[in-house]
Amino acid sequence: MVTYTDKDKLSSGVPLGGIGAGKIEIDNKVRIINVTIANNWTNPIKELKNFFIYIKPEEGEGFILQKVVSLFPQVEQIVYEGLYPFVFIRGRRKNIEVNLTAFSSLIPHDLRNSALPAVGFKISVNGSKKGYIAISMPNIVGSTKIGRINERVKNGVIFKNMKANDYDPAKGDVTLISEEVDKIIVQYDADEIITDLDKVKDNPHEVSGLREIPASIVFATYEKEVKFVLSWYFISKHVFYPYGHYYQNFFSNSLEVAKYFLENFDYLERKTKEWQDQIDFDGWLEDAIINSAYILSTSTWLDEKGRFSIFEAPTNFPYQGTIGTCYEFGSLPILYFFPELEKSFLSLLSTYIREDGYVPHDLGYCSLDSPTDGTTAPPKWKDLNPTYILLIYRYYKLSGDIEFLKSIYDKVKKAFEWELKFSRYGLEGKMDSAFDVTPIKGINSYTLSLYIASLLAMREISKAVGDNLDMDDKIKEARELFEKMFNGKYFIAWEGMENVVFLAQVFGEWWTTLLGLEPITDEEKIKSALRWIIKVNGNASSYCTPNLVRENGKIASISPQTYSSWPRLVFAICWLSIEKNISEGLQLCEKEWQNLVSHGLVWDQPSRVNAFNGLPDPVVSYLDHYIGSPSLWSFIVKKLINAEKENKEHEAMP
């Protein structure tokens, strides 16, 4: 399990919150940070001031489970372990140990319970038989403090704002409840200096001044384990994302959510743990696979109509559903948990294919309805149409949903026809691929390998719908062109780069191997290319595996995209190597992962890592919580596809 102490520096804590519901993060100092529950993905609340957990043993002084600047006594050290969507925290003061487990619900094929806007807290105390636990929580409802008020409910508090209007994205309510409570301070001004919770005055009222910070404290006895639930419900729509939330189909407010979560607490916890237990890999790899699904809480959108997408980078580049080494990795756990959401996204994307057949780069800025052509378009990117065709085939391969395939086949064929006109001829040198700021011109191994993979997928798609396109000549021509790029060791990156090893040179083979298609070219050449990637790129940096490296080991600094590593691409090539029985490829994965761990980036993986220093690139405004983080779920989806194939073969047996 990934483990930190309060002395480590993290960019993000484990994110907790349902699919498309926003999230909170609990960090290694036991603060709630980077909060995006109030339709504020692009502008997270950095910290919930006056959130704390207070423990008062019957036989001694009270203290808080935190390591922050505070007038309260604190635990001496915090041990912090994360296994998304769980965080486990242990703190000790003298002979008393406090254990906190916090989690959100994530259950395969149970979308309702996986989209809950709630977090469960479970707290136990060892070394003291009796006392109380108190949780203080501030009111953050409404975009301003004016109008905030806290109201008592059974076993807890609901936070409201009476002045939030219909245009305020933070209009709604938040609830904090427990199973049984001893005392509730419904509202106190958290701006006041507090040294003794028993002397805090209860003063519920509607806030009218800017200085006031309304907060509540809920007290519960800890003779046994204590459970709390924090839930939220935000109903207004924002100009950038004028959509409701999926959870609105089942609940009317946060109190209903909190009661439901508390009543089903043990079930939700158990079912969430079950899928984690089924992911059976050794050591760090298991941790990496499970934790890399974190974007399901940080980056997903699921509206009231069931429309689904994933932010490319919710804070620094909030475009929805970006494809081209992006969504195809990000949605891997979606295929495992909720394939119906993959169908939802592909339906959306298919709707916005341009009149000429071009597949857009994304669905829009904070939007499901305003697609763009790409960060550096014009010209139009050449890797998007092949990616779209492969995404469609991947969903069909896994689901067997022939009716869906038939319903969008005209769109797929139109995209394919565009691809035949443009993608096959390489790049224009005007930054027209996912390596956007890199001026690649002509035939290159990345887009050509992807093009071959899409031809193989299109052949299978056309067979499935009864169109039976004749693809043999096209596949043969593309393969011959690709084989000409092989220099006896690896496939050259592009013209003028004959002695440079390119991480993405056989990316198309990632697709074909995942989908059980035939190889894009001679398999021995693919294995040779992978070995050269491991040998050259894998040893060019002590931190990570950069995209472009000269045979002499010097990193090619043509652009930030070449001197950096893309963790998502490294993990994909690593997995491909293992599938090709090149076990050394696992070393690439482990080095990349350990670098992320060492910099506290486990739950906030960047788009790219600077190969010279191992830090996110650029270090201040990198693309956060990157959509491609779950690339390692290739291990899981391949098993799913194999299982589906075995099921079909079994059904076909006489």
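Modeller: Two strands count as paired if DSSP finds at least two bridges between them. Strands here are DSSP runs of E, at least two residues long, and helices are runs of H or I, at least four long; both are numbered from the N terminus. The model is predicted, so local features need pLDDT of at least 70 and side-chain atom pairs pLDDT 80 or more, while totals for chains, interfaces and linings use all residues. Residues are numbered from 1 along each chain as its sequence is written, and side-chain values use heavy atoms, without hydrogens and water.

Biologist: How do you know that β11 and β18 pair?

Modeller: DSSP gives β11 and β18 6 bridges, in the antiparallel sense. The cut-off is at least two, so they pair. Phenylalanine 121 stands opposite phenylalanine 228 in β18.

Biologist: What makes β15 and β18 a pair?

Modeller: The β15 and β18 pairing runs over 7 bridges and is antiparallel. Valine 174 has tryptophan 232 of β18 as its bridge partner.

Biologist: Which sheet do these strands belong to, and in what order do its strands stand?

Modeller: It is an open sheet of 9 strands, in the order β1-β8-β9-β10-β11-β18-β15-β14-β13, with antiparallel pairing. In general, strands of a sheet pair through backbone hydrogen bonds.

Biologist: Why do β1 and β13 count as edges?

Modeller: β1 (2-5) and β13 (148-153) each have a single partner strand, so one side of each is left without a neighbour in the sheet. From one strand to the next, the twist averages 15 degrees.

Biologist: What pairs with strand β8 over 7 bridges?

Modeller: Strand β9 (residues 86-93) does, in the antiparallel sense, with β8 covering residues 77-83. Valine 79 faces arginine 90 in β9 as its opposite residue. Helix α2 (residues 254-263) packs on the sheet and touches β10 (96-103), β11 (118-126), β13, β14 (156-161), β15 (172-178) and β18 (226-234). The direction of α2 makes about 30 degrees with that of β15.

Biologist: Why is β18 described as largely enclosed?

Modeller: Of its 9 residues, 9 are buried, so β18 is largely enclosed by the rest of the structure. Buried means under 20% relative accessible area, exposed means over 50%, and partly exposed lies in between (1.4 Å probe, protein chains only). In a regular strand the side chains alternate between the two faces of the sheet. In β18, Val226, Phe228, Leu230, Trp232 and Phe234 point one way. Lys227, Val229, Ser231 and Tyr233 point the other way, and all are buried.

Biologist: Is asparagine 39 called buried or exposed?

Modeller: Asparagine 39 has 3% relative accessibility, so it counts as buried. It sits in the loop between β4 (32-35) and β5 (45-47).

Biologist: What makes asparagine 50 partly exposed?

Modeller: Its relative accessibility is 24%, so asparagine 50 counts as partly exposed. Its place is the loop between β5 and β6 (52-57). Asparagine 50 too has a positive phi, of about 70 degrees, although it is not a glycine.

Biologist: Why are α13 and α16 called oblique?

Modeller: Helix α13 (residues 507-515) and helix α16 (residues 567-579) pack at about 55 degrees, with axes 10 Å apart. Axes are lines fitted to C-alpha atoms, for helices over the stretch in contact, and angles run from 0 to 180 degrees between N-to-C directions. Under 35 degrees is roughly parallel, over 145 roughly antiparallel, 65 to 115 roughly perpendicular, and the rest oblique. α13 and α16 are therefore oblique to each other.

Biologist: Which residues of α13 meet α16?

Modeller: Phe507, Glu509, Trp510, Thr513 and Leu514 in α13 meet Leu569, Ala572, Trp575, Leu576 and Glu579 in α16. Contact means heavy atoms within 4.5 Å.

Biologist: Why are α16 and α17 labelled as they are for direction?

Modeller: The axes of α16 and helix α17 (residues 585-598) cross at roughly 150 degrees and come within 7 Å. The cut-off for roughly antiparallel is over 145, so that label applies. α16 and α17 are therefore roughly antiparallel to each other. On the α16 side, the contact includes Pro567, Val570 and Phe571. On the α17 side, Leu588, Cys589 and Trp593 are among them.

Biologist: Where is there a cis peptide bond?

Modeller: One joins alanine 377 and proline 378, with omega about -5 degrees. A cis bond also joins proline 378 and proline 379, with omega about 5 degrees. Proline 378 lies in the loop between β22 (364-365) and α9 (384-399).
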